[in-house]
Amino acid sequence: MKMTMRYYGKGYDSITLEQLRQIRYVEGLISTLYYKQPGELWTREEIRALKKEIEDGGLELSGIESVNIHDAIKIGSPERDMYIENYIKTLENLGEEGIDLVCYNFMPVFDWTRSDLAKPRPDGSTVLAYDQSEIDKIDPENIFENIDKNSNGFVLPGWEPERMARIKELFEAYADVDEEKLFANLVYFLKAIMPTCEKYGIKMAIHPDDPAWSVFGLSRIITNKENLLRMLEAVPSVYNGVTLCTGSLGSNPDNDIVGIIHALKGRIHFAHIRNIKHTAPGKFEEAAHLSADGSLDIMQIVKALYEVGFDGVIRPDHGRALWGEKAMPGYGLYDRALGAAYLCGLWEMIDKLSK
Ligand code: DNO
């Protein structure tokens, strides 16, 4: 496995390349062109500039998270073919620049959703938290405002203000997109892009829906083992793969992550490891990576990845906000660095003991 950290790029991230390089456990970065809107074409020059920025900082660009999917593709509206063409051109440009991993999601309107971006813990740190009963009180048209005013001034991934300004219109456009339609639109998209992925060796890694159930009545399909397998079987190319995000899948206590890892053997191209604590049905808060701090057994998860021969890119996912750090919620330096060290420690132990 290759340990990485997520980096939003100069001007967007509170963390510097020097800090990331000094974590030591980290070999590369996962990044994106943060200023791009879903559907916009990425040019080779722009991709090269991102690579250069990271390489000049002494690290490598190990993959992209995310190249976001335009709503027309998810809705299946007539302009989707044009946006798929753009996506293919972006993939070609990424492939020409040597990028072989792309993370994306297929959630309608919202990316990940939380009711609280800074829930205090008894130790004084804060975490992201989700409470369905709180979400039920919020009018979806106001959720952006809720999220935005608590984001420490950062634009959060997947919550682009430009899209959020059109939220009413977006909800209307998704009105008849049920789960079957959304699934068919995902398959249509994947079939169209696979030849390009195969040509360039680009592994597509769909990110699970977070939380792993329908929010605000919008369909969500990448939520459990059965649906993941259905999606992999519908487009059987090895380049059609998954981001194993423990926090997203783990939001539903019925999801057995170790079982999911074994079922997806060979198709997990990227892993996001974080722990969460279930506090009541539909309610959870994020935790330190340490198994004992949450409801997920991170050691068993890492062991399962090892056992299926996972050799892809991994990163510690969201961390707690520690030591007064002001950063993008979930993406501070300190707790993610602790997470990287912990995960590398587990991996080394499992690796050496199994030889
Ligand atoms: C949030 C992230 C997501 C993820 C996208 C992938 O912190 O896990 O925004 O990057 O869903 O497209």
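This is a predicted model: local features need pLDDT of at least 70, side-chain atom pairs count only at pLDDT 80 or more; totals for chains, interfaces and linings use all residues.

Visitor: OK. How many bridges pair strand 1 with strand 12, and in which sense?

Guide: Two bridges, in the parallel sense. Strand 1 covers residues 2-6 and strand 12 covers residues 313-316. Lys2 has Val313 of strand 12 as its bridge partner.

Visitor: What do the eight strands in 1-2-3-4-7-8-9-12 form?

Guide: A closed barrel, with parallel pairing. On average, neighbouring strands of this sheet are turned by 30° against each other, direction ignored.

Visitor: Which strands does helix 9 lie across?

Guide: Strand 4 (101-105), strand 7 (203-207) and strand 8 (240-245). Helix 9 spans residues 179-200 and runs at about 155° to strand 7.

Visitor: And helix 10, which strands does that lie across?

Guide: Strand 4, strand 7 and strand 8. Helix 10 takes in residues 225-234, and its angle to strand 8 is about 160°.

Visitor: Switching topic. What is the order of strands in the open sheet?

Guide: The order is 5-6-11-10, four strands with antiparallel pairing. Strand 5 (116-120) and strand 10 (275-280) are at the edges. Each has a single partner strand, so one side of each lacks a neighbour in the sheet. From one strand to the next, the twist averages 35°.

Visitor: How many bridges join strand 6 to strand 11?

Guide: Three, and the two strands run antiparallel. Tyr130 has Phe284 in strand 11 as its bridge partner.

Visitor: What lines it, by class?

Guide: Five nonpolar, three polar and four charged residues. Among the lining residues are Lys74, Asp111, Glu160 and Arg163.

Visitor: Last one. How many salt bridges does the structure hold?

Guide: The count is 30. One example is Glu96 with Arg44, where the closest N and O atoms are 3.8 Å apart. That pair links distant parts of the chain, 52 residues apart.

Visitor: Which helices do Glu96 and Arg44 sit in?

Guide: Glu96 is in helix 4 (residues 80-96), and Arg44 is in helix 2 (residues 44-56).

Key
Residues are numbered from 1 along each chain as its sequence is written. Side-chain values use heavy atoms; hydrogens and water are left out. Two strands pair if DSSP finds at least two bridges between them. Axes are lines fitted to C-alpha atoms, for helices over the stretch in contact, and angles run from 0 to 180 degrees between N-to-C directions. Contact means heavy atoms within 4.5 Å. On a 1 Å grid over the protein atoms alone, a cavity is a set of points where a 1.4 Å probe fits but cannot get out, and a pocket is an open set with protein on both sides within 12 Å along at least five of seven lines; lining residues have an atom within 4 Å of a point. Ala, Val, Leu, Ile, Met, Phe, Trp, Tyr, Cys and Pro count as nonpolar, Asp, Glu, Lys and Arg as charged, and the others, Gly among them, as polar. A salt bridge is a side-chain nitrogen of Lys or Arg within 4 Å of a carboxyl oxygen of Asp or Glu.
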